[in-house]
Amino acid sequence: VLTADPGIPLAWTAYSGPVWQTAMGGKVDQVWEGDRLLWRYGTLADLIALQMPWTSGLPGGFYHDRAAGVLYLRTSDDGDPGTRELHVTQQGPSFAGQGHALRITGSYIEIKGLKAQWVSIPLLLKGRELVVDGCSAYATHYLAATDTGAARCIVRDCQADGGPGYEVYLRNLYGPDWAHGRGIWFRKNAESFEAYGNKFSHLVEGISGYTYGEESNPAVNPNVDLHHNEISFCSDDGQEVDGAGVNFGSWENKVHDCYDALSLSPLKVGPAYVFKNQFWNMQKMTPAGLDEGTGIKDGADSNGLVFFFHNTIYGPQRGTAKSNGMANWATGRAPEFLSWNNIIAVSRYITTHGSLRFRGDYNILWSSDPTRFIKNSLTAGSLARWQAMTGYEMHSLQVDPGFANPPGDLTPSQGVNLGTRGPLQFVNPATGAVTELDVSYFEDA
């Protein structure tokens, strides 16, 4: 059990209008007012004006002048900070420019039942085998991060919620706190990573495994399995597994109200297996309102193969914001998708993948925008046109699936009887072995 020192009284003096000041050395990482995370401003002038990168007027914030050893603070209602419960996090030993509570290095590390609050990164773990079980974090930027070199890591039945300050991150991605905010950040694991039964919300990303400069290295972050997680209200990716992606699996996850539900940008090697997920409401909050997102983001010169079966992507228009099913938002080649028995019902494009790298059949494909369907080097305004140009999707339907009670119940009422489907044969790109897959249960989508 770890406890902090008792509260330290701070001598606050008025500086200018609603801005107060107190002496504080070191490097201030975060300031919480109760359980509300306050925005860290880049300059004192911005704090006085409440001027953020994309907007202004959100409540409260701070600026730390390290050279002068002064902390400037503005509370959420412009009141006296001396009357508030404040939590000030000093940055200790640095990890990605942020402070952390516990840094543990060992051969086998298991953390069970940890509860964390008011700290940037509660856990920074480095070891051969890592287990994070039943832990929770509230009003933090992370639950845990694995440092470079972990061999095997399991994260199960955990929860992380960024707290009431999350709207700041949703509105201001590119401010001083851009790097903050992941449920789990696994960095350059050597053998495997598995996350299941977790709930992550109100963060920048739910589960992130970006490989930073080693995207083409198949030995970095192989054998990643993400399943039975619920991820919501993230201002960037719900699941981010950008890199080589050798034997990546994502199945039976629910990801909603995130900018992108799944990022494979890039998938350099693969293969990836994406089965029976539900992705919906792919948009992010900005000062002007919601901005369009996508179910799967890809591109960045990918070579990998994605087996994409029995998924539901639902992206209705909300306000003026629309959603794509799959979008090549990075530059370069998209991974190759083999897509069977999915429902993609969106308000913009089904896919913006390049050329013929999106192949499939027995799908329900629907865009509520009659001017858009598939956009790439062979743009098609309808399924019939796509079939005629490519010979793909010959048994698919362009029909509104008529979900029973979206987003809570995504059971389709239209197009579920697509006829008899025989065995589907795939050739393993590594071994050449032929496998027959049973795709007869379309209702599983």
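Two strands pair if DSSP finds at least two bridges between them; helices (H or I, at least four residues) and strands (E, at least two) are DSSP runs, numbered from the N terminus. This is a predicted model, in which local features need pLDDT of at least 70 and side-chain atom pairs count only at pLDDT 80 or more, while totals for chains, interfaces and linings use all residues. Residues are numbered from 1 along each chain as its sequence is written, and side-chain values use heavy atoms, with hydrogens and water left out.

**Exercise 1. Paired strands**

Task: Determine which strands β19 is joined to by bridges, and name the residue that stands opposite Glu194.

Solution. 
- Step 1. Strand β16 (residues 192–196) and strand β19 (residues 224–227) run parallel and are joined by four bridges.
- Step 2. Within this pairing, the residue opposite Glu194 is Asp225 in β19.
- Step 3. Strand β19 is also joined, by three bridges, to strand β22 (residues 248–251), and these two run parallel.
- Step 4. Here His227 stands opposite Trp251 in β22.

**Exercise 2. Aromatic pairs**

Task: Classify the ring pair Tyr15 and Tyr72, then the ring pair Tyr142 and Trp185.

Solution. 
- Step 1. Rings of Phe, Tyr and Trp (its six-membered ring) pair if their centres lie within 6.5 Å; planes under 30 degrees apart count as stacked, over 60 as edge-to-face and the rest as tilted.
- Step 2. Under this rule there are ten aromatic pairs.
- Step 3. The ring centres of Tyr15 and Tyr72 are 5.0 Å apart and the planes stand at 70°, so this pair is edge-to-face.
- Step 4. Tyr15 belongs to strand β1 (residues 13–16) and Tyr72 to strand β6 (residues 70–74), so the pair links distant parts of the chain, 57 residues apart.
- Step 5. For accessibility, buried means under 20% relative accessible area, exposed over 50%, and partly exposed in between (1.4 Å probe, protein chains only). Tyr15, at 39%, is therefore partly exposed, whereas Tyr72, at 9%, is buried.
- Step 6. The rings of Tyr142 and Trp185 have centres 6.0 Å apart and planes at 20°, so they are stacked.
- Step 7. Because Tyr142 lies in strand β12 (residues 142–146) and Trp185 in strand β15 (residues 182–186), the pair ties together parts 43 residues apart in sequence.
- Step 8. Tyr142 is buried at 0% relative accessibility, and Trp185 is buried at 4%.

**Exercise 3. Charges over a ring**

Task: State how far the charged end of Arg182 is from the centre of the Trp185 ring, and do likewise for Arg187.

Solution. 
- Step 1. A charge sits over a ring if NZ of Lys or CZ of Arg is within 6 Å of the ring centre and within 35 degrees of the ring normal.
- Step 2. The charged end of Arg182 sits over the Trp185 ring, 4.5 Å from its centre.
- Step 3. The charged end of Arg187 also sits over the ring of Trp185, 5.6 Å from its centre.

**Exercise 4. Cysteines**

Solution. 
- Step 1. A disulfide is a pair of cysteine sulfur atoms within 2.5 Å, and the count by this rule is zero.
- Step 2. Cys153 is in no disulfide; its nearest cysteine sulfur, that of Cys158, is 9.7 Å away.
- Step 3. At 1% relative accessibility, Cys234 is buried.
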